[in-house]
Amino acid sequence: MYPLSTSISLDPVTPRTQPYHHGNLRPVLVETAVELARTTGPDGVVLREVARRAGVSHNAAYRHFADRSALLSEVADRAMADLERAMTTRIEKVGIEDPIARGVERLRETGRAYVDFAIREPGLFAVAFSAVDARPAPHGAATEGPYAVLNAVLDELVEVGAMAPERRQGADVACWAVVHGYAELHVYGPLHAVPAELRDQALESVLDVVHRGLIG
């Protein structure tokens, strides 16, 4: 169950002063849905409410999205893109010169960025995995998005000799499962009330386990 309030405000919405053209309403609806998802998670993203907040009729919204699932898929894509950017930003800041140490730290930063995003944007995090299309693909199938970032970091570990090639198979799924499960426990699970300092300390222990399993 999503922890944040999913109640939808019915306060009057002031109509927008500028009329929409057919070509620019869709991005406005998506942006409105993204902002709504931040506070309500997937349950609150409803076409009629998104249209109301955008200042248009629900019929106008249905001209761009066949149903709620289509709109959720767009929001999930945005959430995945934001998660990918968060991961890439932290990875690119690793300035260690030794290739093995750099690869190891980049993997740890990938996990930290994932958990940080989930804590910072719980609504978008929930939406990201509410759509079927957002599920991770098997190794080699994902060419973009956060899953591809993880695969690239793992491939780097093999290339620099930090991880044995035989340990590469399935490493992506294992890493994803570990950090995703950890994030869920803290976002809307039994560890939701754990202080940030203890949460971060525990995450380092989890990443140590991943390190020992993949690198030794």
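Student: Which residues do ring pairs link into a cluster?

Tutor: Keep in mind that this is a predicted model. The count comes to six aromatic pairs. Ring pairs join five residues into a cluster: Tyr-114, Phe-125, Phe-129, Tyr-147 and Trp-176.

Student: Okay, what kind of pair do Tyr-114 and Trp-176 make?

Tutor: Look at the distance and the angle here. The ring centres of Tyr-114 and Trp-176 are 5.5 Å apart and the planes sit at 70 degrees. Planes over 60 degrees apart count as edge-to-face, so the pair is edge-to-face.

Student: How many residues apart are Tyr-114 and Trp-176?

Tutor: Find the helix for each one. Tyr-114 belongs to helix α5 (residues 99–120), while Trp-176 belongs to helix α8 (residues 171–188). The pair links distant parts of the chain, 62 residues apart.

Student: Is Phe-129 buried, exposed or partly exposed?

Tutor: Phe-129 also pairs with Trp-176, with 6.1 Å from centre to centre and 75 degrees between the planes. Trp-176 is buried, with a relative accessible area of 9%. Buried means under 20% and exposed over 50%. Phe-129 has 23% relative accessibility, so it counts as partly exposed.

Technical notes:
Residues are numbered from 1 along each chain as its sequence is written. This is a predicted model: local features need pLDDT of at least 70, side-chain atom pairs count only at pLDDT 80 or more; totals for chains, interfaces and linings use all residues. Side-chain values use heavy atoms; hydrogens and water are left out. Rings of Phe, Tyr and Trp (its six-membered ring) pair if their centres lie within 6.5 Å; planes under 30 degrees apart count as stacked, over 60 as edge-to-face and the rest as tilted. Helices (H or I, at least four residues) and strands (E, at least two) are DSSP runs, numbered from the N terminus. Buried means under 20% relative accessible area, exposed over 50%, partly exposed in between (1.4 Å probe, protein chains only).
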